[in-house]
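Please open the model in your viewer and keep a selection panel at hand. The tour below goes from stop to stop, saying what to select and what is found there.

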Amino acid sequence: MANKNLPKVAYFCMEYGLDTSLRTYAGGLGILAGDYLKGAKDYDYPIVGIGIKWKQGYTDQKIDEDGRPYDTYHNYKYDFLKDTGVKVTVKIRQRDVVCKVWEVTEFGNAPIYLLDTDLPENEDAWITGQLYGWFGEERIAQEMVLGIGGVRALRALGIDVDVYHFNEGHALFAGFELIKEKMDRGMSFEEAVKASREEIVFTTHTPIVQGNESHYLDRLMYMGANNGLTLEQLVSIGGSPFNMTVGALRLSRISNAVADLHKETANKMWAHIDNRAEIIGITNAIHIPTWVDERMIDCAVNGGDLWEIHMDNKKKLINFVEERNGVRLDANKLLIGFSRRAAPYKRSNFIFTDEKVIDPLLKEGKIQIVFSGKAHPLDDTGKEIVENIVRMSKKYPNSVVFLENYDMTIGAMLTRGSDVWLNNPRRPKEASGTSGMKAAMNGVLNVSTLDGWWPEACNHGVNGWQFGDGFESEDEKELDAHDLKALYKILLDEVIPTYYENRDKWVEMMRNSILSTKDQFSIKRMLEEYYEKLYIKH
Ligand SMILES: *Cc1c(COP(=O)(O)O)cnc(C)c1O
């Protein structure tokens with residue numbers, strides 16, 4: 001087989017979104033990782049994943065009687081994980097922490113090995129308790145399990161690796177383990193860093209400065225995350241305080257941002273960092289069988305009635321909403337979908353900003369909107385946004401719906417059954433976004449600011465719409481006012497009239513949407529690019 005000679009890759013990620021039933025993901029990063037490992041299996045690439053078996057996963061969102069979101073946690077048990085029989089040990093806070101290694105192959109994915117500290121012999125059994133649940137010490141402990149434990153697991157499993165791919169900075173401590181292995185064999189620190197860098201590639205995801213985790217050096221030393229390195233050696237890698245992204249940029253041979261625009265943003269963000277890897281752009285993509293109704297692709301390619309299949313998906317969504325929320329939406333009215341993490345920069349409740357504009361549209365039933373999305377447990381602003389949407393759903397019970405506890409099932413239903421996929425992040429804060437790709441390939445038309453992946457795909461008025469013309473401003477008030485005007489204009493002048501008055505054009509746009517995205521944003525293209533531009537040395 002041709003792929004047998006390709007570099008063997010170990011892909012490290014904090015989260016994997018493979019299926020709704022395996023609660024090891026929070027959002028886009030995990031979905032991307034899950035889709036990537038499924039693609040690796042489909043196209044027979046020598047890639048394995050390293051991750052964590054989270055006992056409680058990410059938060060489960062509930063909405064209380066007053067319409068406020070709150071966080072609940074459950075201990076999840078899985079009967080489909082395979083026990084590899086392998087255990088590795090990582091010293092954390094001077095105590096040995098045993099990590100059991102599970103294998104997941106259940107979801108049509110290349111093997112993923114999940115480390116788990118929830119064992120009777122561990123005093124620190126809770127380290128792998130909650131995904132993104134804790135900060136400070138516990139986060140460092142989790143990252144030590146992923147990074148240091150992950151490399152040790154690969155050794156214990158006897159898996160050969162040519163390239164270590166850190167998907168986000170969380171995995172950086174794996175680099176420390178690779179350095180330590182080499183120093184134990186007699187290399188100097190400088191030689192070990194140089195040799196390790198040749199094996200490491202890195203993907204950066206977050207264009208928000210605060211999203212790039214950093215830790216106090218004393219705390220890293222106290223935790224044992226330095227893994228034998230001195231304070232000065234740590235500083236030479238990640239600065240002080242120690243920044244995980246900076247460290248990963250300095251410890252990798254090459255790195256990538258996740259869209260062309262994000263490449264520009266990331267290079268500006270890290271321009272001041274010396275001695276770092278080049279940041280190229282490789283745009284994210286999706287695993288089509290997971291997300292797309294392939295009848296739509298067949299129909300767009302071979303001809304046929306796209307509208308009929310779309311209406312089938314729309315009715316399925318309407319039934320799903322009725323089962324969940326008791327609200328019966330109207331299949332003949334424009335249905336706007338919006339589901340993503342309720343991070344403030346994504347502006348989930350943006351469309352409600354000027355009620356004078358939106359009130360008549362909702363009252364007359366010109367538009368219906370279905371929302372879903374969780375705020376991070378410590379993100380009060382995100383929670384207020386959710387609360388605001390829930391309030392609107394009570395005010396407009398027939399045209400606004402909030403589905404609680406966003407997950408892959410909701411994501412798939414909405415990106416298939418909506419008519420329009422609304423995306424309004426503050427440019428350039430959305431690194432890529434993949435839900436819009438799912439929508440586009442299902443013939444659900446994107447209405448989006450020119451952020452993330454959309455500038456690469458958008459053919460305005462042909463396969464979807466942009467609004468805001470790529471405007472950027474440090475002044476959030478100014479940016480919001482600019483984008484809001486543009487959003488209302490595109491809705492009132494283009495989207496709503498086309499939907500109700502020019503169905504032929506709408507269906508033609510659906511066809512264009514599918515045909516223009518199905519290859520460019522499929523995981524197959526992304527795997528090819530990762531091999532060509534990151535993994536294979538030229
Ligand atoms: C696709 C998907 C995401 C990522 O979508 P974004 O556009 O990046 O927000 C996040 N969560 C779930 C459940 C998804 O299905």
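Which residues are the closest to the ligand, and how many surround it? Select the ligand and its shell: 13 residues surround the ligand, and the closest are Trp 291, Lys 346, Tyr 406, Ser 435 and Lys 438, where a residue counts as near a molecule if one of its heavy atoms lies within 4 Å of it. Before going further, bear in mind that this is a predicted model, in which local features need pLDDT of at least 70 and side-chain atom pairs count only at pLDDT 80 or more, while totals for chains, interfaces and linings use all residues. Residues are numbered from 1 along each chain as its sequence is written, and side-chain values use heavy atoms, with hydrogens and water left out.

**Stop 1: contacts of the ligand**

Now show the polar contacts, taken as pairs of N or O atoms within 3.5 Å. An oxygen atom of the ligand lies 2.6 Å from an N or O atom in the side chain of Ser 435, an oxygen atom of the ligand is 3.3 Å from a polar backbone atom of Thr 434, and a nitrogen atom of the ligand is 3.4 Å from an N or O atom in the side chain of Tyr 406. Of the 380 Å² of accessible area that the ligand has on its own, the protein covers 95%, with areas from the Shrake-Rupley method and a 1.4 Å probe.

Colour the shell by class, with Ala, Val, Leu, Ile, Met, Phe, Trp, Tyr, Cys and Pro as nonpolar, Asp, Glu, Lys and Arg as charged, and the others, Gly among them, as polar; the shell then shows four nonpolar, five polar and four charged residues. Helix 1 (28–42) and helix 15 (435–441) each supply at least two residues of this shell, helices being DSSP runs of H or I with at least four residues and strands runs of E with at least two, numbered from the N terminus. The shell also draws at least three residues from each of domain 1 (2–286 + 524–535) and domain 2 (288–521), whose bounds come from an automatic or database domain assignment.

**Stop 2: the largest cavity**

On a 1 Å grid over the protein atoms alone, a cavity is a set of points where a 1.4 Å probe fits but cannot get out, and lining residues have an atom within 4 Å of a point. About 100 Å³ of space lies in this cavity, the volume being the space filled by probe spheres set on the points. Because domain 1 and domain 2 both give residues to its lining, the largest cavity lies between them.

**Stop 3: the second largest pocket**

Next, select Thr 265, Pro 428, Lys 429, Glu 472 and Glu 474, the closest to the centre of the second largest pocket among its 17 lining residues. A pocket is an open set of points with protein on both sides within 12 Å along at least five of seven lines, and the volume here is about 410 Å³. Helix 8 (260–269) gives the most to the lining, with five residues, and the lining has seven nonpolar, two polar and eight charged residues.

**Stop 4: backbone details**

Stay with Pro 428, which a cis peptide bond joins to Arg 427, with omega about 5°; Pro 428 lies in the loop between strand 17 (420–423) and helix 15. Finally, select Arg 347, which has a positive phi of about 50° although it is not a glycine, and which is found in the loop between strand 14 (334–339) and helix 12 (355–363).

Key:
A polar contact is a pair of N or O atoms within 3.5 Å; within protein, one must be able to donate a hydrogen and the other to accept it, and residues adjacent in sequence count only if both atoms are side-chain atoms.
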